[in-house]
Amino acid sequence: MASHPPGKCCTVGVKHEGEATGKIEKIAGINSYVAYPADKSTQNAVLILTDIFGHELINAQLIADQFAANGYYTVVPDLFNGDPVPWNKPDDFDLMGWLGGHSTQHVDPIIEAVIKEMRGSLGVKRIGAAGYCFGGKYVCRFLKDGKIDVGYTAHPSFVDADELKGIQGPLAISAAETDGIYPAEKRHETEAILTEMKATYQQTLYSGVEHGFAVRADISKKHVKFAKEQAFCQAVCWFDEFVKA
């Protein structure tokens with residue numbers, strides 16, 4: 001595997017404050033948070049594949065708004081059919097049981113349908129996908145066969161080596177220095193796979209931060225806020241180079 005299965009660190013973090021400027025729309029019949037760029041163009045798009053807290057968490061929505069501010073039509077679909085992990089979950093929440101109800105057989109069809117409509121009636125020409133934690137696996141699964149053109153993931157969870165080996169487009173990764181799911185040996189394994197494939201890739205390691213920092217960071221801490229913002233800038237620069245090309 002290129003990263004370990006999700007664990008406790010996937011379920012903790014800081015809920016951010018702010019006012020989302022996008023809106024919930026149906027895309028392929030799936031509730032999705034959507035944010036438009038200033039010119040309302042849908043030609044270049046970012047598809048955000050969220051962590052386990054889903055598309056209604058303000059953190060994900062604020063990230064989507066920022067991608068839109070950088071010129072991308074941004075779509076954040078509900079990957080969990082209205083059943084994300086609750087932010088204020090009970091201590092005995094059964095994460096592995098929840099994951100069993102949201103496996104690839106459940107999530108793949110949602111992403112497939114959203115991409116199909118984005119490339120169809122919504123007029124999208126190129127798609128960059130940003131996958132956070134849980135969503136990183138699906139960036140790799142769909143970065144091929146004309147589905148997703150460009151991939152970015154931050155602190156990915158449970159990506160199989162074969163999924164990584166199957167990518168057919170540029171991939172950027174933001175990694176945390178402290179991450180039990182994507183630790184040093186998995187980063188090195190990922191680099192070895194991508195190097196052997198002669199893939200176009202970038203992997204950036206951020207010191208002093210933990211798994212989840214790119215979406216659920218405690219931004220009251222200066223160095224953590226800096227890392228979160230730099231990870232976002234990394235994604236934008238990657239998409240500017242390969243999506244807008």
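Modeller: Residues are numbered from 1 along each chain as its sequence is written, and side-chain values use heavy atoms, without hydrogens and water. Because the model is predicted, local features need pLDDT of at least 70 and side-chain atom pairs count only at pLDDT 80 or more, while totals for chains, interfaces and linings use all residues.

Biologist: How many residues does helix H3 have, and what span does it reach?

Modeller: Helices are DSSP runs (H or I, at least four residues) and strands likewise (E, at least two), numbered from the N terminus. The expected span is 1.5 Å times one less than the number of residues. H3 (residues 104–119) has 16 residues and reaches 22 Å from its first C-alpha to its last, close to the expected 22 Å.

Biologist: Which residues of H3 are buried?

Modeller: Buried means under 20% relative accessible area, exposed over 50%, and partly exposed in between (1.4 Å probe, protein chains only). In H3 the buried residues are Val107, Asp108, Ile110, Ile111, Val114, Ile115 and Met118. They lie on the same side of H3 because they cover an arc of only 165 degrees around the axis, taken from the directions from the helix axis to the C-beta atoms. The face turned away from that side carries the exposed Gln105 and Lys116.

Biologist: How many disulfides does the structure hold?

Modeller: A disulfide is a pair of cysteine sulfur atoms within 2.5 Å. The structure holds zero. The sulfur of Cys237 is 6.4 Å from the closest cysteine sulfur, in Cys233, and is therefore too far for a bond. Cys233 is partly exposed at 36% relative accessible area, whereas Cys237 is exposed at 53%.
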